[in-house]
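Good morning, and thank you for coming. I would ask you to keep the sequence and the structure in view while I speak.

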Amino acid sequence: MNPLLQVRDQGQQIWLDNLSRTLLNECRLERMIADDGVAGVTTNPAIFHKAIAGGRYYEDDLAALKTQPLDAEARYEKLVIPDVQRACDLLRPTYDRTAGNAGYVSLEVSPALAHDAGATVAAGKRLSTAVVRDNLLIKVPATPAGIEAIEELIAKGISVNVTLMFSLAHVDAVAEAYLRGLTRLQRTGGNPARVMSVASLFLSRVDTLIDKQLDEFGGEALTLRGKSAVAMAKLAYRRYVERFHGAAFEPLAAAGARPQQMLWASTGTKNPAYSDLLYVEPLIGPETVNTLPDATLAALLDHGKVSRTLDRDVDEAQAQFDALAALGIDMDAAGRRLQEEGLAQFEDAFAALLKLTT
């Protein structure tokens, strides 16, 4: 049986971490949805830069846009929003069949707004209005200002994919913002059932950073290498279950509110010594999403072994975190550093993207 469909049978959605006109025009995304059960799409500035810089289907539209009196960001949006709309339309049957639990496409606000809550909210509202699809998620980074914006967007009934989370502290802050937003939405007469949110926890970069620190310790510390990100995800899922399947969430659930599902991001293995499915096979479980770049999706199709693993070995995950703490490794501090670095990378990618439309 197709491993991607086996993953779906375990209650986990597989989303594609890629979008381009090549995927759309050559019907590749359509086939992935139909044959492999791909249930969503995520994008970011780096993905769109690669698509536009190397894609032959953008040249005519880009040339036409450059003749119009628009700034670079407006040209970029006019170029990619039709792609996002087409992907949303392809995934609409999935959205309808699952009553809004799957079938989403994510579009990111400008990374330049990451420290401005008000501007992020305004951009999120504008992009939501421009795309005008029920199955759109607005991507917002989990910076302090982003946390404020997430609450505000949810309170306005706008669905959100929270990005650039690298620690359990980020997980907690984002979930609480989501809950506050839902509560405000309900109090003002909105319908919580119409809102969807996922919380994207980035994985491979965590191991890259923590492994470097463990290398400096040497000795027994080396046995902890390559285990920190999976441990973090398992502990995050435990918190998810406690938070969204406990008594505190029951009133919102009774009003139709959905749990904010954990999404595993940055799942392409960076260390060639590790399994190419390190961030897939150990993290399969219900009410979660794994967003895969093309190579990781192909690896899962080729040799993936599928079973429910996410809620196994949680004690070992806690032991991993305890061992790191005993060495003086601060995972929350590491998360803050990684978020700053990830945001800088997205800002660079977005700047390069805008140069293409100048």
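I shall begin with the protein overall and then turn to particular residues.

This is a predicted model, in which local features need pLDDT of at least 70 and side-chain atom pairs count only at pLDDT 80 or more, whereas totals for chains, interfaces and linings use all residues. Residues are numbered from 1 along each chain as its sequence is written, and side-chain values use heavy atoms, with hydrogens and water left out.

Let us take the overall form. The secondary structure comes to 15 helices and eight strands. These are DSSP runs numbered from the N terminus, with helices being H or I of at least four residues and strands being E of at least two. Along the principal axes, the C-alpha trace spans about 60 × 45 × 45 Å. How does the radius of gyration of the protein compare with that of a compact globule? For 358 residues a compact globule would have a value near 21 Å, and the protein has 20 Å, which agrees. The radius is taken over C-alpha atoms, and the globule rule is 2.2 Å times the number of residues to the power 0.38.

Next comes the matter of surface and interior. Of the 358 residues, 56% count as buried. Buried means under 20% relative accessible area, exposed means over 50%, and partly exposed lies in between, using a 1.4 Å probe and protein chains only. The protein exposes about 14600 Å², of which carbon and sulfur atoms supply 51%. Such areas come from the Shrake-Rupley method with a 1.4 Å probe, and for residues only the protein chains shown count as cover. Among contacts between residues at least 6 apart in sequence, 78% join residues at least 24 apart; a contact means heavy atoms within 4.5 Å.

I turn to the aromatic residues. The structure holds eight aromatic pairs. Rings of Phe, Tyr and Trp (its six-membered ring) pair if their centres lie within 6.5 Å; planes under 30 degrees apart count as stacked, over 60 as edge-to-face, and the rest as tilted. Y95 and Y104 have ring centres 5.5 Å apart and planes at 80°, so this pair is edge-to-face. Y95 counts as buried at 12% relative accessibility, and Y104 is buried at 2%. Elsewhere, Y178, Y237, Y240, F244 and F249 form one aromatic cluster.

What of the cysteines? A disulfide is a covalent bond between the sulfur atoms of two cysteines. Here it is counted as a pair of cysteine sulfur atoms within 2.5 Å, and the structure holds zero disulfides. For C27, the nearest cysteine sulfur is that of C88, 17 Å away. C27 counts as partly exposed at 31% relative accessibility, while C88 is buried at 0%.

Q12 is found in strand β1, residues 12-16, and is buried with a relative accessible area of 1%. The side chain of Q12 reaches the backbone oxygen of L283 at 2.7 Å. This is a polar contact, a pair of N or O atoms within 3.5 Å; within protein, one must be able to donate a hydrogen and the other to accept it, and residues adjacent in sequence count only if both atoms are side-chain atoms. Leaving aside neighbours within four places in sequence, Q12 is in contact with residues including W264, L283 and N290.

T129 lies in helix α7, residues 117-131, and counts as exposed at 63% relative accessibility. The side chain of T129 reaches the backbone oxygen of K125 at 3.0 Å.

A142 is placed in the loop between β4 and α8 (144-155) and counts as buried at 5% relative accessibility. Beyond neighbours within four places in sequence, the contacts of A142 include I147, M165 and Q339.

I close with two backbone angles. Most residues other than glycine have a negative phi. V132, which is not a glycine, has a positive phi of about 45°. V132 sits in the loop between α7 and β4 (136-141) and is exposed, with a relative accessible area of 57%. E287 also has a positive phi, near 60°. E287 is in the loop between β7 (261-265) and β8 (288-292) and is partly exposed, at 28%.
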